[in-house]
Protein chains: 2
Amino acid sequence: MGKRTVNIVLMGLGNVGKAFVQLLEEKAERVRQQFCLDLCLRAVFKSGGGLFSASPIRQKDVYEMSAAGLARNPLWRPGLALDTVLHEVEPGVMVECTFSDLKTGEPGLRHVRTALENGWHVVTANKGPLAVDFKGLKEIAGRTCRALRFSGAAAAALPALDVGLYSLAGTDILSMEGILNGTSNYILTRMAQGSGYSEALREAQAKGIAEPDPSLDVEGWDTAVKLLLLANAVMGLDLCLKDMKVEGIKAIPSELLSEAKKEGQALKLLGKVSRENEEFKAGVFLSVINRSHPLFGVNGTNKGVTYSTDGMGVVTVTGGKSDPCGAAAALLKDIINIYRWNKN
Amino acid sequence: MGKRTVNIVLMGLGNVGKAFVQLLEEKAERVRQQFCLDLCLRAVFKSGGGLFSASPIRQKDVYEMSAAGLARNPLWRPGLALDTVLHEVEPGVMVECTFSDLKTGEPGLRHVRTALENGWHVVTANKGPLAVDFKGLKEIAGRTCRALRFSGAAAAALPALDVGLYSLAGTDILSMEGILNGTSNYILTRMAQGSGYSEALREAQAKGIAEPDPSLDVEGWDTAVKLLLLANAVMGLDLCLKDMKVEGIKAIPSELLSEAKKEGQALKLLGKVSRENEEFKAGVFLSVINRSHPLFGVNGTNKGVTYSTDGMGVVTVTGGKSDPCGAAAALLKDIINIYRWNKN
């Protein structure tokens, strides 16, 4: 098999974007050997402009892109537009890692649409565009015959999306349940070990697990968005966040806390989709589960998803690094799988 | 997307073959709608000959194929050869469900080679050909650009192979551990609940979980073969059964039994592959694991595999029906995924 060059444009240089640049460099040789792909980072955008180069951009070029060093970086082009790069470079993969805005989806939504319309595949860790216009983006991808992959947005290193889409193909998925947010699961795990909520949250923040503003995680919205992405992609639904009942872990009813303290019980924040007759119901709920539940042992920052199917029974996937490196690995995996199967 | 006809030839009509014929019929419409594939069963072989038809063979045609009814089945052709069918029908997928002979691989090995050489994709639930000549078969598939998929042989409805091959692409897999045999796990689970070995085995046989001759399962060989298939496919190794140390559950050392009785411990039969420096070691071992192990909760006939990777951390998949219907669902899934990505 001949080696193939794949041009990559990266949008956003936060923690996941930086981890992705580093991973690309670390894995370049392995990907070349094992998959015959030569992954070439051609442009990296952050607010105000981007790096753009005719030859592959290296990790060291990017690390020099601090605010102070921008003007001195020979590859830096202030005000560089995504369109310019997409037109000048032979189409490959646009990797979207800008901030997730769940209300407008921007600026990611525009990036994803532009890339697909210009013949680029898209791999995204940004939930915003998918939460706002999943159906529309899938339609563009279908029409332009481009891949739109989003493991990095759905559950990152936990292959919940792959298992649902590919491993369960041909089955009827009757229901899906998931522990989809590492921060709230960490807090619940510490609470089961005796901590109070505030204490467990402070500890999670001190360890860098929880954000300074943890609302999205502890109020259940991060779980809700991931559930929505999985349900829409895997079960072919058309859920919106506003259709879902969403509980968080900030004010846990005392009867749930005492129920969960019993031997062989655990309190989890579960995203759930289930079918009742021909209707699907989705939401995020504080749930007490027992030892026989496949997600019972998913503790700390770990995540897990369990699918109940007609033909394959119950299939569960758990684990996967909950950090920027795990998300970067999910982006790389999606890129490899696009070219493994897509001959375009 | 236009509908596409996929011709299917089935070799073997044991429990898995029968379940596959039934599943094809049940899922025909769903597969047509969701994946635009028209799966047409064109031939079904069993010892002595086969059914062969210009129009799709239905489940009722096959159910009439009892020994008494053979001569009367209008589609039955005594002495029908696979070559004949492969030459007369436009290439699609050969589904191999004959008996797994781990020593010679036959007759499956010949079927798989013939199909690939004649331009047919192969999906197999038969471990024999892969255990005997994995490297050779992969070589033929690579040369002829045909797919050789074997979820049904590796762990069936448990997507251990998909996760390892696709979801972990780009990572380094440092080790793999699996509960890969439902029968031995069922017996160990019953023993943990107080049964003796013989009692638990008899119970498993009465329930149809264990075979009348349970040697392959309880002596660890079924686990060893599945481990070998997973390790060779996912980790790119070239293991042979004779390289592996294989323990079973027939004579469990008393110190292990008492160790496993402690609170928060469990005795499992684990297939393990791990890397020490640049060397890989593989084997099947009776192992006491504790509550924090991701396979701790895998009880009864359930199976599970856990991968330890550099970039994605620990990823575990558990569950999946351990019966002929689960294996048939894995065969169908493999067929769908061949045509989802392969444009040939």
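Start with both chains on screen: chain A can be laid on chain B by a turn of 180° and a shift of 0.0 Å along the axis, with an RMSD of 0.0 Å (copies are superposed by least squares on the C-alpha atoms of residues with pLDDT of at least 70 in both). The two copies are thus related as by a two-fold rotation axis. Select A:Val317 next; its C-alpha is the one in chain A nearest the axis, at 2.1 Å.

This is a predicted model, in which local features need pLDDT of at least 70 and side-chain atom pairs count only at pLDDT 80 or more, while totals for chains, interfaces and linings use all residues. Residues are numbered from 1 along each chain as its sequence is written, chains are lettered from A and ligands numbered from 1 in the order in which they are written, and side-chain values use heavy atoms, with hydrogens and water left out.

Now show the interface, where contact means heavy atoms within 4.5 Å. Of the interface residues of chain A, 100% are also interface residues in chain B, so the copies meet through the same surface.

Select B:Asp310 and A:Lys27. They form a salt bridge, with the closest N and O atoms 2.6 Å apart (a side-chain nitrogen of Lys or Arg within 4 Å of a carboxyl oxygen of Asp or Glu). This pair crosses between chains: B:Asp310 is in the loop between strand 12 (304–309) and strand 13 (314–319) of chain B, and A:Lys27 is in helix 1 (residues 15–35) of chain A. Helices (H or I, at least four residues) and strands (E, at least two) are DSSP runs, numbered from the N terminus. Over all chains the count comes to 44 salt bridges.

Move to helix 7 (residues 160–167) and helix 11 (residues 221–234) of chain A, which pack at an angle of about 15° with their axes 10 Å apart. Axes are lines fitted to C-alpha atoms, for helices over the stretch in contact, and angles run from 0 to 180 degrees between N-to-C directions. That makes helix 7 of chain A roughly parallel to helix 11 of chain A (angles under 35 degrees count as such). The contact is made by A:Ala160, A:Leu161, A:Gly164 and A:Leu165 of helix 7 and by A:Leu230, A:Ala233 and A:Val234 of helix 11.

Select A:Leu130, A:Ala131 and A:Phe134 in helix 5, which meet A:Val225, A:Leu228, A:Leu229, A:Asn232 and A:Ala233 in helix 11 of chain A.

Terms used
Angles under 35 degrees count as roughly parallel, over 145 as roughly antiparallel, 65 to 115 as roughly perpendicular and the rest as oblique.
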